[in-house]
Amino acid sequence: MEVDSAIGHQVNNAVEPAREGQSKRLAVFALIGLSAVFLASVLFKPSASEYFTICGFKNFTGLPCPGCGLTHSFCALGKGDFANAFGFNLLGPVLFLGLVVVWIRSASVLLNKSSVVQRIDHFEERFNLVRAFAIGLGAYGFVRIIYLLAYRPLTFHDSPLSQLIARLIH
């Protein structure tokens, strides 16, 4: 029994530094990546009129996916334009705030502020924020598509998908 606990203690002590090193590397990656996103949000001014999009769903259907408008929303937030940020994508400001919290958590990991990291982790676990946001994003995308089909059907009518359907029917 004592041998098992001694071996377990040695294994745990060996694993902890490896996990800590991986955690710090991930924190550096997140900190640099998110800093670049926030800087781009402040500096970049996307077009307000028709623009090229890389969204395959939007290019094929003419309808926005749940993530469409996030870049515009982030850029509006970077310039303090909260009304337009919600207009581009209703969940853009929520995601932006979540990424700010991830940035703070990453900085706290690097600064060895374990109490901040534990509070953020406990809050996320308690409210299951990642799952809630994913469900909200899916529901928002679905409702937005239904709204656009009901009140602006021309966006779908001119899409490659509608043309394919028309060719198959005729």
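Which residues does S41 touch, not counting residues up to four places away in sequence? S41 touches F74, C75, G78, K79 and F96, where a contact means heavy atoms within 4.5 Å. This is a predicted model, in which local features need pLDDT of at least 70 and side-chain atom pairs count only at pLDDT 80 or more, while totals for chains, interfaces and linings use all residues. Residues are numbered from 1 along each chain as its sequence is written, and side-chain values use heavy atoms, with hydrogens and water left out.

**Overall architecture**

- The protein has nine helices and zero strands; helices (H or I, at least four residues) and strands (E, at least two) are DSSP runs, numbered from the N terminus.
- Of the 170 residues of the protein, 24% count as buried; buried means under 20% relative accessible area, exposed over 50%, and partly exposed in between, with a 1.4 Å probe and protein chains only.
- Among contacts between residues at least 6 apart in sequence, 60% join residues at least 24 apart.

**The end of helix α1**

- S41 is placed in helix α1, and S41 is buried, with a relative accessible area of 3%.
- V42 also lies in helix α1, which covers residues 2–43, but V42 is partly exposed, with a relative accessible area of 44%.
- Not counting residues up to four places away in sequence, V42 touches G78 and K79; both of these residues are also touched by S41.
- V42 and A76 are 34 residues apart in sequence, and their C-alpha atoms are 8.2 Å apart in space.

**Cysteines**

- The structure holds zero disulfides, a disulfide being a pair of cysteine sulfur atoms within 2.5 Å.
- C65 is in no disulfide, and the nearest cysteine sulfur, that of C68, is 3.6 Å away.
- In general, a disulfide is a covalent bond between the sulfur atoms of two cysteines.
- C65 counts as buried at 18% relative accessibility, and C75 counts as buried at 4%.
- C75 is also one of the residues that S41 touches.

**Helix α7**

- Helix α7 (residues 129–151) has 23 residues and reaches 32 Å from its first C-alpha to its last, close to the 33 Å expected at 1.5 Å a residue; the expected span is 1.5 Å times one less than the number of residues in the helix.
- The buried residues of α7 are L137, Y140, G141, R144, I145 and L148.
- The cover over these buried residues includes α2 (56–61) and α4 (82–88).

**The largest pocket**

- The largest pocket has a volume of about 760 Å³.
- On a 1 Å grid over the protein atoms alone, a cavity is a set of points where a 1.4 Å probe fits but cannot get out, and a pocket is an open set with protein on both sides within 12 Å along at least five of seven lines; lining residues have an atom within 4 Å of a point.
- Grid points are joined across faces, edges and corners, and a volume is the space filled by probe spheres set on the points.
- This pocket is lined by 25 residues, of which Y51, K58, P64, L148 and R152 lie nearest its centre.
- α2, α4, α7 and α8 (154–157) each supply at least two residues of the lining, and α7 gives the most, with four residues.
- By class, the lining has 10 nonpolar, 10 polar and five charged residues; Ala, Val, Leu, Ile, Met, Phe, Trp, Tyr, Cys and Pro count as nonpolar, Asp, Glu, Lys and Arg as charged, and the others, Gly among them, as polar.

**The second largest pocket**

- The second largest pocket has a volume of about 640 Å³.
- Of the 21 residues that line the second largest pocket, G98, V101, V102, E124 and V130 are the closest to its centre.
- α1, α5 (92–110), α6 (114–127) and α7 each supply at least two lining residues, and α5 gives the most, with 10 residues.
- The lining of this pocket has 15 nonpolar, three polar and three charged residues.

**Loop residues with positive phi**

- N112, a residue other than glycine, has a positive phi near 60°.
- N112 is placed in the loop between α5 and α6 and counts as exposed, at 55% relative accessibility.
- N128 has a positive phi of about 50° although N128 is not a glycine.
- N128 is placed in the loop between α6 and α7 and is partly exposed, with a relative accessible area of 32%.
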